[in-house]
Amino acid sequence: QRRSLVTSAISKVQMNESNMRQVASPTQLLSGRVAGVTTSTGSGNLGSGERMVIRGSSSLSAGNEPLYVIDGIPITNTNANLVDFGEDMSSLATLNISDIESIEVLKDAASAAIYGSRANNGVIVITTKSGKEGKSEVHLNFNTGVTRFANVGKIKMADSGLYVRDFNEGVDNYNRQYGYKPGDSGFKKHIQNPFGTLPDTDWMDLILQTGTFYNGDVSFSGGNAKTKYYLSGSYNYQEGVIKTNDISKVNLKSNINHEMFKWLKVGANISGNYLHNNRIPGANLGSTIIGRAVQQRPFDRPYKPNGGYYTGGTDELLLHNAVQILSEETSYTDNYRFIGSFWAEAQIIKGLTVRASYNNDSAYTYDYIYYNQNHPYAADKGRILDRNRFVMTNTIDLYANYNRKIGEDFELGAMVGHSFL
């Protein structure tokens with residue numbers, strides 16, 4: 001479709017150095033930049049699954065995720081983890097943000113006219129960079145920085161004295177309301193601080209860290225009248241704001257097209273991507289980190305005098321020990337993804353072109369969780385969960401386009417084709 005004919009239904013964000021920022025998924029680049037588009041992530045954990053809604057939710061029970069198309073290839077956006085660890089992870093996080101040239105949001109009939117029923121929730125079209133005719137260019141980019149938990153000082157927690165006083169006041173009110181007296185089965189007893197005047201525990205300080213990130217990428221591009229190329233490679237490492245949470249990512253890309261004859265062009269656009277994510281429990285798991293940290297009593301402590309852990313859910317500790325969870329588990333996902341398109345375009349007669357392409361989207365996921373014998377969820381001597389999945393989608397597209405300008409004010413255009421899945 002021509003954008004000029006459906007202006008209200010297509011929004012485009014052009015990527016450049018001024019609006020590029022450190023994000024895990026391409027969809028986060030649209031946050032606050034496109035009218036009618038709402039983006040969010042499941043949590044602040046690295047690689048957390050994205051949520052995107054275009055012009056409001058279209059269903060209460062079914063999904064509202066749009067269709068994602070990268071360089072003309074509709075891709076699968078399945079959960080990037082296989083074992084339930086409290087939240088979904090993003091499969092788009094494997095992609096290299098630096099390779100993106102533009103992102104378009106197709107809404108309403110503009111999306112359905114091209115992609116059919118798959119586009120009921122809209123379409124996100126991601127176009128990656130390609131070579132331009134002219135002199136060769138080399139771009140080298142490196143950036144680094146730090147990440148911190150936002151406004152942690154604004155979380156005001158009761159100290160032990162206030163907590164014990166108010167808790168015991170509630171106990172007295174409960175016993176008085178139901179007429180319980182000492183010796184009755186329903187009688188509630190007062191609590192006390194078993195550590196006396198020792199300092200309270202700052203649980204947030206025990207689980208949080210100042211994370212660092214650095215990203216390096218290099219690209220080579222250029223071309224002439226017949227051949228154009230774009231080659232790139234990148235490495236990214238990022239630490240989360242919670243201890244043990246970090247991701248590392250490697251990306252390689254090649255986009256080459258060549259005019260073999262005046263009437264025939266061929267090209268290949270391929271990328272290989274790898275992401276390793278050292279995860280922490282999400283919000284929907286009983287061992288979720290921040291939830292277990294902020295709900296502890298101010299006098300609760302992670303370690304016993306002998307160096308062991310206080311056990312959650314007992315008189316020793318109110319909830320699961322967040323420090324114990326982080327220290328005694330290993331959880332990570334490895335995601336490998338190949339996205340490639342090989343195409344040929346022939347001009348049959350003036351105005352009539354035929355294009356054929358083979359597209360491949362292959363993804364392999366390995367999910368690993370290990371609880372050693374000291375973990376709250378360990379079964380006696382420990383527990384290991386591991387899963388793997390390989391998903392490959394092949395499509396063959398064959399399209400013919402005819403465009404002819406009649407006079408100065410009339411233009412005729414027609415397209416016919418089919419996609420084989």
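**Exercise 1.** Which side chain meets that of Asp-166 in a salt bridge?

*Solution.* The structure is a predicted model, in which local features need pLDDT of at least 70 and side-chain atom pairs count only at pLDDT 80 or more, while totals for chains, interfaces and linings use all residues. Residues are numbered from 1 along each chain as its sequence is written, and side-chain values use heavy atoms, with hydrogens and water left out.

Step 1. A salt bridge requires a side-chain nitrogen of Lys or Arg within 4 Å of a carboxyl oxygen of Asp or Glu.

Step 2. Arg-165 is the partner of Asp-166, with an N to O distance of 3.2 Å.

Step 3. Accessibility is classed as buried (under 20% relative accessible area), exposed (over 50%) or partly exposed (in between), with a 1.4 Å probe and protein chains only. Asp-166, at 39%, is partly exposed, whereas Arg-165, at 53%, is exposed.

**Exercise 2.** Determine which parts of the chain are tied together by the salt bridge between Asp-71 and Lys-253.

*Solution.* Step 1. The side chains of Asp-71 and Lys-253 meet at 3.8 Å, N to O.

Step 1. Strands are DSSP runs of E with at least two residues, numbered from the N terminus. Asp-71 belongs to the loop between β4 and β5, and Lys-253 to strand β11 (residues 246–261), so the pair ties together parts 182 residues apart in sequence.

Step 2. Asp-71 is partly exposed, with a relative accessible area of 25%, whereas Lys-253 is buried at 8%.

**Exercise 3.** Describe the largest nonpolar core and the surroundings of Leu-30.

*Solution.* Step 1. A nonpolar core is a set of buried Ala, Val, Leu, Ile, Met, Phe, Trp, Tyr and Cys residues joined through side-chain atoms within 4.5 Å.

Step 1. The largest such core has 22 residues, and Leu-30 and Ile-124 have the most contacts inside it. Strands β3, β4, β5, β6 and β7 each supply at least two residues of this core, and β6 gives the most, with 3 residues.

Step 2. A contact means heavy atoms within 4.5 Å. Residues up to four places away in sequence are not counted, and Leu-30 touches Val-13, Thr-39, Met-52, Ile-103, Val-105 and Ile-124.

Notes:
Helix = DSSP H or I, 4+ residues; strand = E, 2+ residues; numbered from the N terminus.
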